[in-house]
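We will go from one stop to the next, with a note on what to look for at each.

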Amino acid sequence: MLHLDALNSPAAEIILSLSIMLLAGFLATRLTQKLRLPNVTGYILAGIAVGPYVLGLVPGSVIDGMDFVTDIALAFIAFGVGRYFKLEKLKETGAKVIVITLLEALAAFGAVTAAMLLVFRLPLPFCLLLGAISSATAPASTIMTIRQYRAKGPFVNLILQIVALDDAVALVAFSVCSAVVSAVDGAGAVRPMTLLAPLLWSAAAVLGGVLAGLLLHALVDGSRSREHRLVLVIAVLLAITGLCAIVDISPLLACMAVGTAYINAGGRKLTFEEVSDATPPILLIFFVLSGAQLQVPMLATAGLIGVCYFFVRILGKYLGAWAGCAVCRTQAPTRRWLGLALVPQAGVSIGLAALAERILPGPEGLMVSTIILSSGVLYEMVGPACAKAALFLSGTVRKQPSEEEKPEEAAGEDSGYPKAS
C-alpha cells in the first residue's frame, strides 16, 4: 500500500490527504444514511478509518499540522450561532437560557468531581480540574445534526443559545478551580496571572469580536456583491481566529460576538446563509480530523476512570438540563430531551485539558489530557445520535430526510443554520 509519508513532497501529502478525508467522509455517509445515523457520525468514523491506527492513509504529520482547521471550523460555527442572540429574543428568553446553562454545566461539574473523589479517591486538584472541563459542550456536531434534519423552532433556538454559552461557563469554572488548586498545592508554582490570563484574553477577544461585528456591518451591508460579502466576512473571521491563536484561546466566544454584534447592528440574515453555503467541506474535514486524531492506545490507558467520566458527565448534563427546564417551567418535551443534545465535547475542552496538564504534576496532568482526548471523540460519535434522538423525541423533527434530497435542502430552507422562530 502506498503511504503518503513516503512522498518527497509535503505539498502533495497535504493535498492528497485532504482529498482522502473528503472522499472518506462522503463514502461514510452512504453507510450512515442507510443506518439512519447523522452524517457527523460517519465523518468521525471515516476519520478513525483513514487515521494512523487503522488504515494509515493520512500521515500523522499531516494530522498534527492541521490543528488550524479546528479553529477555522469553530469560527464559522460560532459566527452562525451569533445570529440567535438578537436583543429582542434575549429579552424574552435570556434569563431562562442562563438558568438552564448554569444548572446543566454545574451539574456535570459536580457529578464528575464527586465521582472522581468518592469512587476513585483521586486527589482533589485532579477532580476539580476534570470536573470543570466536563462542563463544556461542543456545539459543532449538535449544530450539524440540526442542519441535516432541517430542525427549527423554540427547542432548537434554546439548544443553540445554551451550547453557545456553555464554553463561557466552563472557562470561568476552570479559572476558579485552577485558583483553588494553586491554593491547595501551596507550592506557588502557578502564578495568579497564569490562571487569569485565559479569562482576561477571552474577555478582550469578545470585545474585539463586537467591534469586528460592527465593522463588518459597515463593510458588507451596502451595495456589495455576494462574492465580496463572502470575502469580507471570511477575512474578518480569519483575522479574529488568528489573533485568538496568538494568545492560545478558542475563537468560539470571539466569533460568536462577531455574529451577535453584526445581527444586532442591523445585519442581514442573507449574509449568514451565504457563509453557511461555503462551510460544508470545512466542517466535513474538521470532523474527519477529529476521528483521525483519536489516540486509540489512550483508551486502554484511561481505563475505568475514563469510562466513568464518559457516563457520569452524560448523566450530569441530562439531570442538570432537566432541573433547569423544571425551574424555568419549560414544556415537558423540552424538559425531557434537552439534555440529550448536550452530550458532545471537544474543542474548548481539549484546550483546557492542555492547560490542566501544565498545572498538575506528572501523571495526573497526563491522565486528564488522556481522558479528555479519548472521550472527546467518543462523545462526538454518540453525540450526533443523541442530538438526533432529542430532535425527534421532542417533536421538533417528524420526518427523516430521504437520501435523494439535495444537501442544501437537507440543511434547511436557507441552506444554513435553522431560522429563529
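Throughout this tour, two residues are in contact when they have heavy atoms within 4.5 Å of each other. Helices are DSSP runs of H or I with at least four residues, strands are runs of E with at least two, and both are numbered from the N terminus. This is a predicted model, in which local features need pLDDT of at least 70, side-chain atom pairs count only at pLDDT 80 or more, and totals for chains, interfaces and linings use all residues. Residues are numbered from 1 along each chain as its sequence is written, and side-chain values use heavy atoms, with hydrogens and water left out.

**Stop 1: H2 against H13**

Select helix H2 (residues 39-50) together with helix H13 (residues 280-292): their axes are 6 Å apart and pack at an angle of about 50°. Axes here are lines fitted to C-alpha atoms, for helices over the stretch in contact, and angles run from 0 to 180 degrees between N-to-C directions. That angle makes H2 oblique to H13; angles under 35 degrees count as roughly parallel, over 145 as roughly antiparallel, 65 to 115 as roughly perpendicular, and the rest as oblique.

Now show side chains. On the H2 side you will find Val40, Tyr43, Ile44, Gly47, Ile48 and Val50, which meet Leu284, Phe287, Val288, Gly291 and Ala292 of H13. Sorted by class, this contact of H2 with H13 has nine nonpolar, two polar and no charged residues. Ala, Val, Leu, Ile, Met, Phe, Trp, Tyr, Cys and Pro count as nonpolar, Asp, Glu, Lys and Arg as charged, and the others, Gly among them, as polar.

**Stop 2: H13 itself**

Keep H13 selected. Its 13 residues reach 18 Å from first C-alpha to last, close to the 18 Å expected at 1.5 Å a residue; the expected span is 1.5 Å times one less than the number of residues. Of the 13 residues of H13, 10 are buried, so this helix is largely enclosed by the rest of the structure. Buried means under 20% relative accessible area, exposed means over 50%, and partly exposed lies in between (1.4 Å probe, protein chains only). Among the buried residues are Leu283, Phe286 and Ser290.

**Stop 3: H7 against H13**

Ala140, Ser141, Met144 and Arg147 of H7 make the contact with Pro280, Leu283, Phe286 and Phe287 of H13. These residues divide into six nonpolar, one polar and one charged.

**Stop 4: H4 and Gly82**

Next, select helix H4 (residues 67-82). Its end C-alpha atoms are 23 Å apart, which agrees with the 22 Å that its 16 residues should span at 1.5 Å a residue. With 12 of its 16 residues buried, H4 is largely enclosed by the rest of the structure.

Zoom in on Gly82, found in H4. What does Gly82 touch, not counting residues up to four places away in sequence? Look for Met256, Gly259, Thr260 and Ile263. Gly82 counts as buried, at 0% relative accessibility.

**Stop 5: two arginines in loops**

Finish with Arg121, in the loop between helix H5 (87-118) and helix H6 (124-134), and Arg329, in the loop between helix H14 (296-327) and helix H15 (332-337). Arg121 has a positive phi of about 55° although it is not a glycine, and Arg329 also has a positive phi of about 55°. Most residues other than glycine have a negative phi. Arg121 counts as exposed at 67% relative accessibility, and Arg329 is exposed with a relative accessible area of 77%.
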